[in-house]
Amino acid sequence: MQSAAPRLPASIWALGFVSLLMDVSSEMIHSLLPVFLVSGLGASMVAVGVIEGLAEATALIVKVFSGAWSDWLGKRKPLAMLGYGLGAASKPLFALATTTGTVLGARLIDRVGKGLRGAPRDALVADLVNPEQRGAAYGLRQALDTVGAFLGPLLAVALMLLWANDFHAVFWVAVIPAMLSVALLAFGVREPDAPPGGKRVNPIRRENLRQLSPAYWWVVGLGAVFTLARFSEAFLVLRAQQGGLAIAWAPLVLIAMNVVYSVGAYPFGKLADTMSHRKLLAIGLAVLVAADLALAAAGAGVLLWAGIALWGLHMALTQGLLATMVADTAPAQLRGTAFGVFNLASGLALLMASGLAGWLWDRFGAVATFGAGAGLCLLALGLMASPALARVGRDG
């Protein structure tokens, strides 16, 4: 009789609920933000794309330094605490915003916090579990994170209906789960001790970066191409609004996407512990092509919601998997740096992708935006066919 798989540590579950609470807070705001910017503040589609791209790119670029810093310190939790604290502190600024400049400032502070916590937290997940549990651990954290990502918009819809589309009142409520998230991280997550006798070195020195293998750099390249093909979810919300979805119901777009994402993230994470990573990535890209084509073809009706659901399925297939591949291909002592560099490449790609998506929408319409996304997916699938990728991750 086969023995049961070991349980994931309590700190992994706690990290998942930390992410859940912060995502409830963030998505209460972000699910309404595109509509607030366009209908409330008179921003253009290009402005929405630039704000989203700059905000997310800022988060991912900051991860380079936070990841390297956590490697140098030999500690992950203090930087994660600082990052979650900044995220919580930024929330009142959204409630006070009356200009696009204030929104941009709040988004940047929030995303600096996300950047500070992201790479140390992802490295901490790998530190807390055995290699054969990494897919499940990343999948569980991502699943709980994504539960928050649909509970937040659901709460936003209810409050918008209750309070007659009062954006600012909803944004004030979002402060509460953010504060709870910081408290849970402080008291519910125990970081393992660093190996004794470790010497502090600069992890981004050339001789240390040479320890990152060619397989790791392939994962970095893949992550960047994936991000180019998948621009900000703000454009899903705007596509649905273009099709006639009322302002108060706009968060339903992210609710639908994230329900699919959260349900699939943990099972696909466990599957990544036993199945070929390359096959799972290719399936994820094929699903994103289908999502883009559905969204390009319809601004309302069944096809629109099918495209949104397929977008969530793509996220479930690929996001935890890419994190697992980074952890598998990076040395333990450079794990924070490895996640940081990976996210730098993805951040720069996201800046380009969101700006391009907004420009295409303004000049040629939504069909061009989603059509370009499908084309970039096909480019990524071509890259997946490279024989060099057979050495990346588990290809069995």
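**Terms and basis**

A residue is called buried when its relative accessible area is under 20%, exposed when it is over 50%, and partly exposed in between (1.4 Å probe, protein chains only). A salt bridge is a side-chain nitrogen of Lys or Arg within 4 Å of a carboxyl oxygen of Asp or Glu.

This is a predicted model, in which local features need pLDDT of at least 70 and side-chain atom pairs count only at pLDDT 80 or more, whereas totals for chains, interfaces and linings use all residues. Residues are numbered from 1 along each chain as its sequence is written, and side-chain values use heavy atoms, leaving out hydrogens and water.

**A link between a loop and helix 5**

Six salt bridges are found in a search of the whole structure. One of them joins Arg 76 to Asp 127, with 2.9 Å between the closest N and O atoms. Arg 76 lies in the loop between helix 3 (45–73) and helix 4 (77–96), and Asp 127 in helix 5 (residues 100–128), so the pair ties together parts that are 51 residues apart in sequence. Helices here are DSSP runs (H or I, at least four residues), numbered from the N terminus.

Arg 76 is buried, with a relative accessible area of 6%, while Asp 127 is partly exposed at 30%.

Arg 121 and Asp 122 form a salt bridge at 3.2 Å, N to O, and both residues are buried.

In helix 6 (residues 134–162), Arg 141 and Asp 145 are four residues apart and therefore separated by about one helical turn. Their salt bridge has its closest N and O atoms 3.7 Å apart, and both Arg 141 and Asp 145 are buried.

Methods:
Helix = DSSP H or I, 4+ residues; strand = E, 2+ residues; numbered from the N terminus.
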